[in-house]
Amino acid sequence: MADSPRVRFAPSPTGFLHVGGARTALFNWLFARHEGGILVLRIEDTDRERSQSELTRAILDGLSWLGITWDEGPYHQADGIERHRADVRRLLDSGAAYRCFCTPEQLEEMRDVAREKGRAAAYDGRCRDIPSDEAERRAGTEPFTVRFRMPGGDTVWEDIVGGTVRFKNSDIEDFIILRTDGTPTYNLAVVSDDLEMRISHVVRGADHVSNTPKQIQIYRALGLEPPIFCHVPLIMGPDGKRLSKRHGATAVGEYRTSGFLSSGMNNFLALLGWSPKDDTEVMEVDELIARFSLDRINVKPAVFDHEKLEWLNGQHIANTSSRRLAELVGSTLIKTGVTTEEELKTRSEWFDSVLDLVKTRARTLNELCERVRPFFSIDVEFDPAAVKKHWKHPEEVIDRLSKLRSELSKEDEWNEEELESQLRVLAELMGVGAGKLIHPLRVAITGSAVSPGIFEVMIVMGRELVLSRIDSAIRHLEGA
RNA sequence: GCCCCCGUCGUCUAACGGUUAGGACACCAGUCUUUCAAGCUGGCGGUAGGAGUUCGAUUCUCCUCGGGGGCGCCA
């Protein structure tokens with residue numbers, strides 16, 4: 001029986017978790033959870049300079065919001081520098097790597113020449129054959145880098161997503177693995193770390209495809225088997241260009257603050273480049289885990305469709321218990337002065353029923369907050385468009401609302417059937433359609449032309465609030 | 001310029017070489033209804049183009065066109 005897989009997510013600390021990175025993390029995580037494997041988190045921070053704790057913080061926050069948990073780490077690539085150097089030493093000793101004394105200016109020239117000649121590899125290999133004793137001696141006084149000696153032939157691998165991928169080694173230059181300052185470069189460090197962490201599957205963005213042959217050759221030179229590779233397609237903006245800030249939000253944190261549920265985000269991200277066997281689209285995280293497999297990931301880049309994200313998020317909101325939604329939305333309602341902590345505590349069942357009413361109508365939590373506002377005893381603002389449409393003739397509206405108010409204030413039962421029949425009877429007495437009462441009433445008690453069913457709204461609002469809203473609406477109309 | 005990869009409705013996608021090319025978002029219409037959603041029903045819309053292999057091609061091969069990624073002492 002095969003060992004359980006070990007995968008890793010290895011972001012560089014750019015300061016936030018990008019949606020592309022988030023999806024890569026998600027795929028790694030779903031795979032690990034589905035297979036009962038291990039997810040390692042490794043921060044690719046060869047740059048020691050910048051305050052990494054600050055920058056990695058944002059990434060960890062993003063991951064934890066999404067619920068992506070790791071089993072090992074976070075490790076820091078920079079911590080492995082001695083091991084990286086030891087690996088470079090081994091490669092040097094075996095002749096798989098060599099010292100290069102070329103200057104940046106010389107390299108610049110070589111690049112020009114290569115381009116002119118239509119060659120893929122820029123470096124011309126001029127330090128390849130410097131005898132090792134000579135190189136050793138010069139290294140004492142001259143600055144040098146260490147380059148990997150690319151062998152002849154082809155490098156081929158079976159990519160889980162990309163299938164058979166083949167590169168001609170002659171198209172790949174002898175790349176630098178150790179800088180002049182003695183620090184390792186990415187390609188060396190990645191291999192060294194993945195080896196150290198016994199990574200079995202490298203699941204990463206397709207932008208790494210062209211690094212893969214280099215890394216495979218390092219594995220070989222070290223005498224070790226490369227892991228299985230799985231390159232997931234990139235995410236594009238609506239214009240087909242690589243997703244960037246000008247397309248709008250790219251950091252997952254921004255989606256969090258604009259009211260997306262992590263389950264909706266995960267669902268959407270999972271569907272970007274992956275699909276289950278059947279046509280199921282709305283899935284909770286555990287269902288994603290149950291159904292996920294790397295071999296159903298698509299090859300071509302996917303466009304980030306914000307509309308669909310919103311729809312999916314709306315589905316998740318509707319499927320989330322009102323209790324849970326109350327928790328998610330509570331603090332911002334308090335912060336914006338809509339309610340207080342005490343009220344939410346003492347009227348929690350009531351608040352649940354409010355959410356029951358509005359949650360199929362909201363696509364984001366922010367929208368949910370908006371729809372919930374009128375139910376709290378705060379002043380409502382009358383939407384100008386609604387006023388224009390349903391309060392066209394103030395005297396008429398005042399008259400109707402007044403009559404309605406006195407009906408509603410009578411001792412009758414405050415239930416839906418009763419309210420509806422009351423209103424309809426009144427409308428008939430006044431010789432108008434029920435809508436002529438309902439619409440102005442809606443504007444009066446919600447401030448808007450749009451709301452859940454008016455009778456449900458009144459029930460949940462309660463008689464007291466409804467009557468006072470009508471009062472202030474009448475005052476507002478008289479003042480106008 | 002060179003290297004790698006990709007091309008199914010506008011978008012996300014399904015389809016052992018044999019389906020009337022399926023689903024979803026968006027859009028349109030209908031239904032429900034006091035409004036808006038949700039729900040339900042229906043509609044619009046696609047295999048980039050051209051050769052070839054095959055009884056049969058979305059699927060395999062080649063070319064063209066189009067798109068993406070990579071060509072750092074960045075990761």
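Which residues of H20 are buried? Ile454, Val457, Met458 and Met461. A word on terms. Helices (H or I, at least four residues) and strands (E, at least two) are DSSP runs, numbered from the N terminus. Buried means that 20 or more other C-beta atoms lie within 10 Å of the residue's own; exposed means 12 or fewer; partly exposed is in between; and the C-beta atoms are placed from the backbone.

Before going on, the ground rules. This is a predicted model, in which local features need pLDDT of at least 70 and side-chain atom pairs count only at pLDDT 80 or more, while totals for chains, interfaces and linings use all residues. Residues are numbered from 1 along each chain as its sequence is written, and chains are lettered from A and ligands numbered from 1 in the order in which they are written.

Back to H20. Seen down the helix axis, the buried residues of H20 fall within an arc of 95 degrees, so they line one face of the helix. That arc is taken over the directions from the helix axis to the C-beta atoms. An α-helix has 3.6 residues a turn, so residues three or four places apart point the same way. What do the buried residues of H20 pack against? Helix H18 (416-430), H19 and helix H21 (463-479). Contact here means C-beta atoms, placed from the backbone, within 7 Å.

Helix H20 (454-461) supplies at least two residues of the surface near RNA strand B. So do helix H4 (104-117), strand S7 (163-168), strand S12 (302-303), helix H11 (306-319) and helix H19 (435-446), each with at least two. How many residues surround RNA strand B? The count is 62, and the closest are Ser12, Glu44, Ala120, Tyr186 and Arg242. Near means that the C-beta atom, placed from the backbone, lies within 6 Å. By class, this surface has 26 nonpolar, 20 polar and 16 charged residues. Nonpolar covers Ala, Val, Leu, Ile, Met, Phe, Trp, Tyr, Cys and Pro; charged covers Asp, Glu, Lys and Arg; the others, Gly among them, are polar.

S7 pairs with strand S6 (residues 154-159) in the antiparallel sense, over six bridges. Pairing requires that DSSP finds at least two bridges between the strands.

Next, a sheet. Three strands form an open sheet in the order S4-S5-S8, with antiparallel pairing. Strand S4 (97-100) and strand S8 (176-178) stand at the edges with a single partner strand each, so one side of each has no neighbour in the sheet. On average, neighbouring strands of this sheet are turned by 45 degrees against each other, direction ignored. Those angles use axes that are lines fitted to C-alpha atoms. Strand S5 (residues 145-148) is joined to S8 by two bridges. Val146 has Leu178 in S8 as its bridge partner.

Thr103 sits in the loop between S4 and H4. Is Thr103 buried or exposed? Exposed, with 11 other C-beta atoms within 10 Å. Thr103 and Thr145 are 42 residues apart in sequence, and their C-alpha atoms are 9.7 Å apart in space.

Two parallel pairs come next. Strand S1 (residues 6-9) is joined to S2 by four bridges, and they run parallel. Val7 is partnered with Leu39 in S2. Strand S2 (residues 38-43) has five of its six residues buried. S9 and strand S10 (residues 228-232) pair in the parallel sense over five bridges. Gly205 is partnered with Val232 in S10. Four of the five residues of S9 are buried, so S9 is largely enclosed by the rest of the structure.

Arg198 has a positive phi of about 50 degrees, although it is not a glycine. Arg198 is in the loop between helix H6 (186-196) and strand S9 (201-205). The peptide bond from Gly73 to Pro74 is cis, with omega near 5 degrees. Pro74 is in strand S3 (residues 72-76).

Last stop, Ser322, in helix H12 (residues 322-335). Ser322 counts as partly exposed, with 19 C-beta neighbours inside 10 Å. Beyond four places in sequence, Ser322 touches Asp352, Leu355, Asp356 and Lys359. The C-alpha atoms of Ser322 and Leu355 are separated by 5.7 Å, at 33 residues apart along the chain.

Notes. Axes fitted to C-alpha atoms, helices over the stretch in contact; angles between N-to-C directions. Contact = placed C-beta atoms within 7 Å.
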